[in-house]
Amino acid sequence: MSSPLARPETDACPGALRLHDAADGPLARVRIPGGRVNGVQLAALRELAEEWGDGHLELTSRANLQLRALGGAPPARLAERLAAAGLLPSPTHELVRNIAGSPLLTDPAPVTALDAALCADPALAALPGRFLFAIDDGSGDVAFSADVAALPSGTILFGGRDLGLRAPAGQAVPALLAAAHAFLALAEQNASSSGRRPWRVRELTDGPARMAACTAAALGVTLLESDSSVRRQALREPIGAIPHRDGRTAVGALVPLGRLGGDALRTLETARALVITPWRGVIVPNLPAAEADAWMRKLAGAGLEVGADSRWAGVTACAGRPGCAKSLADVRSDADAATRAGSGLPVHWVGCARGCGSPAGPHVRVEATGTGYAVARKPEDDGRAADLVPVAEVAAVIAVLRKG
Ligand code: SF4
């Protein structure tokens, strides 16, 4: 068993320039800050997937997009094409543009401003590829899984905790950048003293509190009383027509197993703007109410799920076989066979104990073992032996465990 100290200094998160050598060929992960992408960019990605990959785009748990099986892609041409589409604005910072945004954020300008400021700060290119910023709309849907997050009230959360830092109106971006610098300084101290360089704030001893104190000192402000009303909210998976306060409408759809193929991509490309969600969904935002029905029909016709009663609501899976060499099963195929309509806790299927893409909050984990699936509630059942069940019985066990 490897020692924690044996972990490499640098995380190995794939990117658009640093491709991952997956079992089905090179994999590129394209950062999509806040999940915001437009139809022209999506078309550019589809063309790349059709020309050099497996013809699909994969949605990740951070609302990024992946191209798989890029065996024929010349890396330099791939980078050029992504840059031309505005999807690779900074070669030096491409791995650190990890910005979660609430999918229903009515004004995405803070996401764009944070992305630009991050890319303009040379020192922050040293952030780990796993460090996550969030711009939350106050619903708490993305803030609590981030290393540092801004809420509309000005509250800055560190590792999901309110430690009393308040950014004045319009100052969230400088506060988030100061927090990232604080993390880098603390990570450096940790690497010097213990030989281990953390990738996330929770890996630092007393990380959120120390990061908040350093950030406040850098900004020249005092930490206030924390606000205990700031709490993690239940998962919000936008499906169907969602009215906005301004009279406009968003239409949300689930992408079964997080894979978008040609028909769905060609349909989505006709939208002016799109939002990829961390729950493997896609939203067409800011529609005049009269267009919402037409979009519901178009998305459903392209194989996406627009009904809240979809069997895919709350269900996600990692890549599994054949894309991942570590996988002990074709989890997507097994998930397709075993998924029934249901409600309650989210369900995440994984091909091995690494658990890639697992939801941050409570969920049911269905893990391939090579001799069936270990099904357990997480984090509640951590440390307990999970039920080991053959694939034919997984659906029934999931139904019970989802009820929480
Ligand atoms: S959880 Fe395991 S099988 Fe699934 S993608 Fe990660 S490493 Fe591969």
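User: Count a residue as near a molecule if its C-beta atom, placed from the backbone, lies within 6 Å of it. Which residues are around the ligand?

Analyst: The model is predicted. The shell divides by class into 6 nonpolar, 4 polar and 2 charged residues. Its members are C318, A319, G320, C324, K326, S327, V350, G351, C352, R354, G355 and C356.

User: Where is P379, which a cis peptide bond joins to K378?

Analyst: Omega of the K378 to P379 bond is about 0°. P379 belongs to a loop, the one between β19 and β20 (387-389).

User: How many residues of strand β18 are buried?

Analyst: Side chains alternate between the two faces of the sheet in a regular strand. In β18 (residues 363-368), H363, R365 and E367 point one way, and V364, V366 and A368 point the other way. Both sets are buried. The strand is mostly covered, and the count is 6 of 6.

User: What is the bridge partner of V366 in β19?

Analyst: β19 (residues 373-378) runs antiparallel to β18, with 6 bridges joining the two. Across that pairing, V366 has as its bridge partner V375.

User: Which residue in the hairpin of β18 and β19 takes a positive phi?

Analyst: The hairpin has 4 residues between its strands. Phi is near 100° at one residue, G370.

User: What is the strand order of the open sheet that holds β7 and β8?

Analyst: The sheet has 5 strands, and its pairing is mixed. β6 (99-101) and β10 (161-166) each have a single partner strand, so they stand at the edges, with one side of each lacking a neighbour in the sheet. The twist averages 25° from one strand to the next. The order is β6-β7-β8-β9-β10.

User: At what angle to β8 does helix α4 run?

Analyst: α4 (residues 172-194) lies across β7, β8, β9 (155-158) and β10. Its buried residues include V173, L176, F183 and L186. The buried residues of α4 pack against those four strands and also against α3 (109-119) and α5 (207-219). The angle to β8 is about 175°.

User: How far apart are the end C-alpha atoms of α4?

Analyst: α4 has 23 residues, and at 1.5 Å a residue they should span 33 Å. The model agrees with that expectation. The ends are apart by 32 Å.

User: What is the phi of G195, the residue that follows α4?

Analyst: G195 comes after the helix, and its phi is positive. The value is near 80°.

User: Is A69 buried or exposed?

Analyst: Most residues other than glycine have a negative phi. A69 has a positive one, near 55°, and sits in the loop between β5 (65-67) and α2 (75-84). A residue is buried if 20 or more other C-beta atoms lie within 10 Å of its own. A69 has 20, so A69 is buried.

User: Is D206 buried or exposed?

Analyst: D206 has a positive phi near 55° and lies in the loop between α4 and α5. The cut-off for exposed is 12 or fewer C-beta neighbours. D206 has 9 inside 10 Å, so D206 counts as exposed.

User: Which residues does R46 touch, leaving out those up to four places away in sequence?

Analyst: R46 is part of helix α1 (residues 39-52). With 23 other C-beta atoms within 10 Å, R46 is buried. Its C-alpha lies 27 Å from that of A308, a residue 262 places away in sequence. The residues touched are L57, G262, L265 and E269.

Conventions
Residues are numbered from 1 along each chain as its sequence is written. This is a predicted model: local features need pLDDT of at least 70, side-chain atom pairs count only at pLDDT 80 or more; totals for chains, interfaces and linings use all residues. Ala, Val, Leu, Ile, Met, Phe, Trp, Tyr, Cys and Pro count as nonpolar, Asp, Glu, Lys and Arg as charged, and the others, Gly among them, as polar. Two strands pair if DSSP finds at least two bridges between them. Axes are lines fitted to C-alpha atoms, for helices over the stretch in contact, and angles run from 0 to 180 degrees between N-to-C directions. Two residues are in contact if their C-beta atoms, placed from the backbone, lie within 7 Å. The expected span of a helix is 1.5 Å times one less than its number of residues.
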